[in-house]
Amino acid sequence: WSKNRYDFENFILTVQGVCRKSGIEIKIENPHEYRIDTIADADIMNPVIDEIVSNLKMHGNGGFELDIINGKEIIFRNMFDSSFNFNRPKDRLRCPFIKRTNSPGSGLGLFIVSLSSVRGGFDWDISVKDNCFSLSLSF
């Protein structure tokens, strides 16, 4: 995997810029309290950021947040419509071309995150609690 690293401030600025460009307002928690110096480089992370923001816009209905945890983890959260069915196993969501039947996406979003995590040397996970979807990146 790549040993090059993304500057933390540039990572945050890129997330903000992609969100702004997509018409999404995102609240960033703890950006100055915790710094992550082990984020994979921009060539790996920019497609991940694009996919996450695209999914936030496509499936979310507001309440977009990014939280920095203990200088090791970044969590993207968004609220979604309660009609969203999250009963599919996580491993199926990581496969290419797996998507909701009514989704306009290609079904590659989380697969791209999965491939990037191998190349970038980070772990990731997804979870749902009540009407909040979370995607965490652990460095």
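Across which strands does helix 1 lie, and at about what angle does it run to strand 2? Helix 1, residues 8-21, lies across strand 1, strand 2 and strand 3, and its direction is at about 165° to that of strand 2. The model is a predicted one, and the values that follow are computed from it.

The protein chain contains four helices and five strands. Along the sequence they follow the pattern α-β-α-β-β-α-α-β-β. Of the contacts in the protein chain with a separation of 6 or more, 64% are between residues 24 or more positions apart.

The five strands make up an open sheet in the order 1-2-3-5-4, with mixed pairing. Strand 1 and strand 4 (123-129) are the edge strands, each pairing on one side only. From one strand to the next, the twist averages 15°.

One end of the sheet can be followed pair by pair. Strand 1 (residues 27-29) and strand 2 (residues 65-69) run parallel and are joined by three bridges. Between them the chain passes through helix 2 (residues 42-59), and this β-α-β crossover is left-handed. Within the pairing of these two strands, Ile28 is opposite Leu66, and Glu29 is opposite Asp67.

Strand 2 also pairs with strand 3 (residues 73-79); here the two run antiparallel and five bridges join them. Asp67 has Ile75 as its bridge partner in strand 3. Asp67 is therefore placed between two partners, with Glu29 opposite it on one strand and Ile75 on another, as the rule that strands pair through bridges would have it. Strand 2 and strand 3 form a hairpin, with three residues between them.

Helix 2, which carries the chain from strand 1 to strand 2, lies across a further part of the sheet. Helix 2 lies across strand 3 and strand 5 (132-138), and runs at about 20° to strand 3.

What lies in the interior? Buried residues account for 40% of the 139 residues in the protein chain. In soluble globular proteins, nonpolar side chains tend to be buried together. The largest nonpolar core here has 35 residues, and those touching the most other members are Phe11, Ile26, Ile39, Met45, Leu66, Ile74 and Leu137. Two or more residues of this core come from each of helix 1, helix 2, strand 2, strand 3, helix 4 (109-120), strand 4 and strand 5. Helix 2 gives the largest share, seven residues.

Leu137 shows how one of these core members is surrounded. Apart from its neighbours within four places in sequence, Leu137 is in contact with Met45, Val48, Ile52, Lys72, Glu73, Ile74, Phe76, Phe122, Asp123 and Trp124. Met45 and Ile74, both on this list, are also among the residues that touch the most other members of the core.

The structure also holds two aromatic pairs. A pair of aromatic rings is described by the distance of the centres and the angle of the planes. For Tyr6 and Phe11, the ring centres are 5.6 Å apart and the planes are at 90°, so this pair is edge-to-face. Tyr6 counts as buried because its relative accessibility is 8%, under the 20% cut-off. Phe11 is buried as well, with a relative accessible area of 0%.

The rings of Phe122 and Phe139 have centres 5.3 Å apart and planes at 40°, so this pair is tilted. The pair links distant parts of the chain, 17 residues apart: Phe122 is in the loop between helix 4 and strand 4, and Phe139 is in the segment after strand 5. Both Phe122 and Phe139 are buried.

Two loop residues remain to be described. Most residues other than glycine have a negative phi, and most peptide bonds are trans. Asn70 is not a glycine, yet it has a positive phi of about 50°. Asn70 lies in the loop between strand 2 and strand 3, in the turn of the hairpin. With a relative accessibility of 54%, Asn70 counts as exposed, since the cut-off for that class is over 50%.

Asp130 also has a positive phi, of about 55°, although it is not a glycine. Asp130 is found in the loop between strand 4 and strand 5. At 69% relative accessibility, Asp130 counts as exposed.

Methods
Residues numbered from 1 in each chain as written. Predicted model: local features only at pLDDT ≥ 70, side-chain atom pairs only at ≥ 80, totals over all residues. Heavy atoms only, no water. Right-handed = clockwise from strand over helix to strand, strands pointing away. Axes fitted to C-alpha atoms, helices over the stretch in contact; angles between N-to-C directions. Contact = heavy atoms within 4.5 Å. Core = buried A, V, L, I, M, F, W, Y, C linked by side-chain atoms within 4.5 Å. Buried < 20%, exposed > 50% of the residue type's maximum accessible area, 1.4 Å probe, protein only. Phe/Tyr/Trp six-rings, centres within 6.5 Å; stacked < 30°, edge-to-face > 60°.
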